[in-house]
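Trainee: I am new to this one, so please walk me through it.

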Amino acid sequence: MHSKPSPANPAAPATPIDLDLREDVADLTARLMDIESVSGNETALADAIEAALRRIPGLSLHRDGDSIVARTTLGRAERVILAGHLDTVPLPTTPGARGTVPVSWEGETLYGRGATDMKGGVAVQLALAATLQDPNRDVTYIFYDHEEVE
């Protein structure tokens, strides 16, 4: 059973939302989805991700606006890059629409804005960053803003 979703938080809080990058990836996905991040409004999500990544030893971080690059510097001969966007398309205005904030669970199925594009992928990146202790290649994690705009 998945944990109860966190409350929606459409405005950037004074203190970043605390993310546990070692929790179940589906639950982490739900927590990310509960942070509204329509294109141009990615700050609260970027703040939460940055704060969580800063707690991981061995990662160097760079933030430019609401885009974040976290990377290992282990001196490996090769580097793998994992990238995902933080923004979503606008929230639906149709009453009863499932692609909204906060998320909803129907059995084991998670509904909400960003479930498949792209907060599930971002949750996987974050979980890897938190748990991949000694990769045989250096890893760069890129979390970028404004993908859903022309």
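Mentor: Helices (H or I, at least four residues) and strands (E, at least two) are DSSP runs, numbered from the N terminus. This is a predicted model, in which local features need pLDDT of at least 70 and side-chain atom pairs pLDDT 80 or more, while totals for chains, interfaces and linings use all residues. Residues are numbered from 1 along each chain as its sequence is written, and side-chain values use heavy atoms, leaving out hydrogens and water.

Trainee: Are H2 and H3 roughly parallel or roughly antiparallel?

Mentor: Axes are lines fitted to C-alpha atoms, for helices over the stretch in contact, with angles from 0 to 180 degrees between N-to-C directions. H2 (residues 43-54) and H3 (residues 119-131) pack at about 15 degrees, their axes 11 Å apart. Angles under 35 degrees count as roughly parallel and over 145 as roughly antiparallel, with 65 to 115 roughly perpendicular and the rest oblique. The pair H2 and H3 is therefore roughly parallel.

Trainee: How many charged residues are in the contact of H2 with H3?

Mentor: Contact means heavy atoms within 4.5 Å. From H2, Leu 45, Ile 49 and Leu 53 meet Lys 119, Val 122, Leu 126 and Ala 129 of H3. Ala, Val, Leu, Ile, Met, Phe, Trp, Tyr, Cys and Pro count as nonpolar, Asp, Glu, Lys and Arg as charged, and the others, Gly among them, as polar. The contact of H2 with H3 has six nonpolar residues, no polar ones, and its charged count is one.

Trainee: How do H1 and H3 lie to each other?

Mentor: Helix H1 (residues 25-33) packs on H3 with axes 8 Å apart, at an angle of about 120 degrees. The two are therefore oblique.

Trainee: How many nonpolar residues does the contact of H1 with H3 have?

Mentor: H1 brings Val 25, Leu 28, Thr 29, Leu 32 and Met 33, and H3 residues in the contact include Lys 119, Gly 120 and Val 122. Two polar residues and one charged residue take part, and the nonpolar count is nine.

Trainee: Where is Pro 102 found?

Mentor: Most peptide bonds are trans. The bond from Val 101 to Pro 102 is cis, with omega near 0 degrees. Pro 102 belongs to the loop between strand S3 (79-85) and strand S4 (104-106).

Trainee: What is omega for the bond joining Asp 117 and Met 118?

Mentor: Met 118 sits in the loop between strand S5 (109-111) and H3. Its bond with Asp 117 is cis, and omega is about 25 degrees.

Trainee: What is phi of His 146?

Mentor: His 146 is in the segment after strand S6 (138-144). Though the residue is not glycine, its phi is positive, near 60 degrees.
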